[in-house]
Amino acid sequence: MTLLLAALLAGTAAACGLAANALSSDPLPLSGPEATSVVADVSLEQAVAARAGGAVFIDARAASAYQAGHVAGALSAPYANRLEALVELRRRISPGDPVVVYCTGPGCSAAARLAAWMAARGWRDVRLFGAGYPVWEAAGQPVQTGAGTEPQP
Amino acid sequence: MKASSLLLDRRLSFALRLIVGAVLILASLGKLTDPRTFADALAAYVLLPAAAVAPVAVVLPWIELTAGLALLAGIPARSAGLVAAVLAVGYVVATASALARGLSISCGCFGDIASSSPLGWGDVAWRMALLAATLQVVAAEGLLAQPARLLLRRGA
C-alpha cells in the first residue's frame, strides 16, 4: 500500500512535470541534439584556425580572470553571469556565426556548460576549446588584458 | 531516551517531516523556474546518460515539490517519506560520486549553480543527514513501526 501510494505520488508528479514542460512557452527539449548538448571539443590548432576564420571567442571565466588576460578579441561571458551577458551576446553574435568557448582547461566545466547553454539558445555553430586559456597562452597565441576591445554597455 | 525509541518517536517524525518537506519544496522552486539551468547542473555531474538529463531535469523538481507538500501535509506521510528517502539516496550517490571522481562542480541542489561554491564532503554529510531524517519518518510513520514496536515491547 505504501509502495503503491509512493509510486502513485512520484508518477503523478512526473506526469505534471512533463505536462508543465510541454505547455511551457519555452519548453526544454527532451530529445534531439539540443537535449543532449553535445558540443565538439576542438584542439589548439583547430581553435587557431577558427579564430583566423573569424570565429567569435567567448571567455567563460570570471571577469577578473578575463581582465588579467584573455584570447585577443574574446568576449567575456562568465558562466555565473550568463543571463546578464545573453543580451550582449545576442547583439554581437548572429545565430550562424562560429563561436568558440573556453575557460581554464579540462578541470573547468564552465566552458562546456556555457557552450551547451548557448547551443540550446539558438547559436548553431558552438565549439568548445577544452584545453583552455593556459594552453592558448603557452602556445604564444595572441592575448589581451583589460576589460576588452569595446566598452561594455 | 534510547536510540531505538527515537527511531519510532512520532513527535520527532512530525518535526522531521516539516523540515524535510520544507527543504524539498525550497529545492524544487529554483529548478521549477529555470529547468535549463538545472539541466546544465545535472549534466555537469556526468552521471546520467546525456539523453536522460533533460527528462530528469523536467521531472525531478516536480517529484521534490509533490513529496515536500505531502510531507508537510502528512498525507500520505509514509509514502512521501519513502519518495523523499529515494530522492535522498540519489543526492548522496550523486554528490559522493562527483567528489570521488574529482569533479569540481556546483551542487545545483536549489537551482542556483551560479552562486553556490563547489561541492564538498560537507554536502555529502548534509545529504546523509537528510536521508537519515527521511528514514526516521518512514519508520515512525508506520511502515516498520508496528513490528518494531512489538520487538521493542518484547525486549523491554
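This is a predicted model: local features need pLDDT of at least 70, side-chain atom pairs count only at pLDDT 80 or more; totals for chains, interfaces and linings use all residues.

**Terms and their grounds**

Visitor: What makes strand E1 and strand E3 of chain A partners?
Guide: Strand E1 (residues 56-59) of chain A is joined to E3(A) by two bridges, and the two run parallel. Residues are numbered from 1 along each chain as its sequence is written, and chains are lettered from A and ligands numbered from 1 in the order in which they are written.

Visitor: Why are strands E3 and E5 of chain A called edge strands?
Guide: The open sheet of chain A has four strands in the order E3-E1-E4-E5, with parallel pairing. Strand E3 (75-76) and strand E5 (125-128) each pair on one side only, and these are the edge strands.

Visitor: How many helices and strands does chain A have, and what makes a run count as one?
Guide: Chain A has seven helices and six strands. A helix is a DSSP run of H or I with at least four residues, a strand is a run of E with at least two, and numbering starts from the N terminus.

Visitor: Why is A:Tyr79 called buried?
Guide: A:Tyr79 lies in the loop between E3 and helix H5 (82-92) of chain A. It has 23 C-beta neighbours inside 10 Å and therefore counts as buried. The rule places C-beta atoms from the backbone and calls a residue buried with 20 or more others within 10 Å, exposed with 12 or fewer, and partly exposed in between. Of the 153 residues in chain A, 35% are buried.

Visitor: With which residues is A:Tyr79 in contact, beyond its neighbours within four places in sequence?
Guide: They are A:Ala60, A:Ala110, A:Arg113 and A:Leu114. Contact here means that C-beta atoms, placed from the backbone, lie within 7 Å. A:Tyr79 and A:Arg61, 18 residues apart in sequence, have C-alpha atoms 6.7 Å apart.

Visitor: Why are H2(B) and H4(B) called roughly antiparallel?
Guide: Helix H2 (residues 10-33) and helix H4 (residues 50-73) of chain B pack at about 150°, with axes 7 Å apart. Axes are lines fitted to C-alpha atoms, for helices over the stretch in contact, and angles run from 0 to 180 degrees between N-to-C directions. Under 35 degrees is roughly parallel, over 145 roughly antiparallel, 65 to 115 roughly perpendicular and the rest oblique. H2(B) and H4(B) are therefore roughly antiparallel.

Visitor: Is the crossing of H2(B) and H4(B) left-handed or right-handed?
Guide: The crossing is left-handed. That name applies if the near helix is turned anticlockwise from the far one by less than a right angle; clockwise is right-handed. H1(A) passes H5(B) in a right-handed crossing.

Visitor: Which helix gives the most to the side of chain A that touches chain B?
Guide: In all, 27 residues of chain A are in contact with 30 of chain B, and H1(A) gives the most to the chain A side, with 12 residues. That side has 17 nonpolar, nine polar and one charged residues. Ala, Val, Leu, Ile, Met, Phe, Trp, Tyr, Cys and Pro count as nonpolar, Asp, Glu, Lys and Arg as charged, and the others, Gly among them, as polar.

Definitions and conventions:
Two strands pair if DSSP finds at least two bridges between them. Two residues are in contact if their C-beta atoms, placed from the backbone, lie within 7 Å.
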